[in-house]
Amino acid sequence: MTKPLRIALIMQGGRDWIGGTQYIKNIILALGSLPEEVRSTFELCLITSKSLDSSLYSEIFPYLKDIYDLEVDLEPLTPSNRLRWKLIETLFKQDNPRFDALIEKNNIDFLYPSFSQCGSPKSYRSAAWIADFQHKYLPQFFTESELEWRDSSYKLTARYASSVVMSSKTAEADFQKFFPEAAHKSKVLSFKSCPPSEWYETDAQQIQKEYCLPDRFFLVSNQFWKHKNHLIVFKALKLLQEKSIYPIVVCTGHLYDRRQPDYIDTILQTLHQLDIAKQVYLLGLIPRLSQIQLMRRSLAVIQPSLFEGWSTVVEDARCLGKAIILSDIPVHLEQNPPNSLLFERNSPESLAIQIAEWWEHLSAGPDLEQEVIAKANNFNEIQAFGYRFLEIAQGSS
């Protein structure tokens, strides 16, 4: 009998980067959606350095063979262990023998996302992940030290990783442009949202009432990072206000940007300077299920971002059959969700036209007919996503 492939995923993100956590969760759920005869060919493990949110844990636990907590499962930092690791680093050119010991002890065959800078072979294969090349196109949103760190990190990834995964063909083209010598290492894995049944079954109107929101609103679900471009939505609202059109916009997402800690002040001041504060609701980071129900209840989603590696919000809207207004960045064009309108990414006038159009014609959700269609399509998309990841893990592509 063939030994199952042991796959270990390293948890990403956290409160400051929800997208990273969603990325790993969606891989787990996509692999869990595959037929039993396929799932019997691999065992899925998770490596994490922090406790998991209870709702996240309940979603992914059924599909995991083992969970390794780095605080508990790494060998202790005793003097003898430190000496042994130092010798291994020196004699065998290993860059992280403490971590490697955990991987080898648990017979992991494939580790993701990860790469090693040491020249000596490992007992396991791995692939790195690059989310996007935002710093190359929007350097004004990064500090000098962050730009240097990103450039250095990406350069090392291109040099040492055996495979480098990107979420879009757009990001892959960037990788091949900036690192042509490593172009053969690139692989594309476009993730999909994997909705649990409760997404479709929860009372969306009740969640709307819990947050004391009006019946008709647009939803923006992005962390308040500067490149997410919330300000263009506010400017579009002001243009419409001048025409006596008063759409409501609800924003969910963490209000803090560690790169631009004063940005939320700009957001709040802009709302009042434009005199649109009564039209915009800032909810902050709310439970994932509540965010999804507000998406279902909304007239449509607005995704104004100036840069994405592959937008989770777009994939959430797709699997709910939700209408969405998108900025015209290349990744959004590549994602190409149904029921969508595009606007020029730096033009509040262009966005105002689309908002006005749908403010007049769309009704509050959920649209159950569109959800049935989207749900059927989503099942096939999730499985294709799972099979693609498995190809990468098996080293067959």
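The model I examined is predicted.

Entry 1, helix pair. I looked up helix 12 (residues 230-241) and helix 13 (residues 263-273), whose axes come within 11 Å and cross at roughly 5 degrees. Angles under 35 degrees count as roughly parallel, and I therefore recorded helix 12 and helix 13 as roughly parallel to each other. On the side of helix 12, I found His230, Leu231 and Phe234 making the contact. Helix 13 contributes Tyr263, Thr266, Ile267, Thr270 and Leu271. Sorting this contact by class, I noted five nonpolar and three polar residues, with no charged ones.

Entry 2, strands 10 and 11. I next asked in which sense strand 10 and strand 11 pair. Strand 10 (residues 249-252) runs parallel to strand 11 (residues 280-284), with four bridges between them. Opposite Val250 I located Tyr281 of strand 11.

I then examined an open sheet of three strands, which has the order 6-7-8 and parallel pairing. Strand 6 (128-129) and strand 8 (186-188) are the edge strands, each pairing on one side only. Between strand 6 and strand 7 (residues 164-166) I recorded two bridges, in the parallel sense. For Trp129, I found Val165 in strand 7 as the bridge partner.

How values were computed
Residues numbered from 1 in each chain as written. Predicted model: local features only at pLDDT ≥ 70, side-chain atom pairs only at ≥ 80, totals over all residues. Heavy atoms only, no water. Axes fitted to C-alpha atoms, helices over the stretch in contact; angles between N-to-C directions. Parallel < 35°, antiparallel > 145°, perpendicular 65-115°, else oblique. Contact = heavy atoms within 4.5 Å. Nonpolar A, V, L, I, M, F, W, Y, C, P; charged D, E, K, R; others polar. Pairing = 2+ DSSP bridges.
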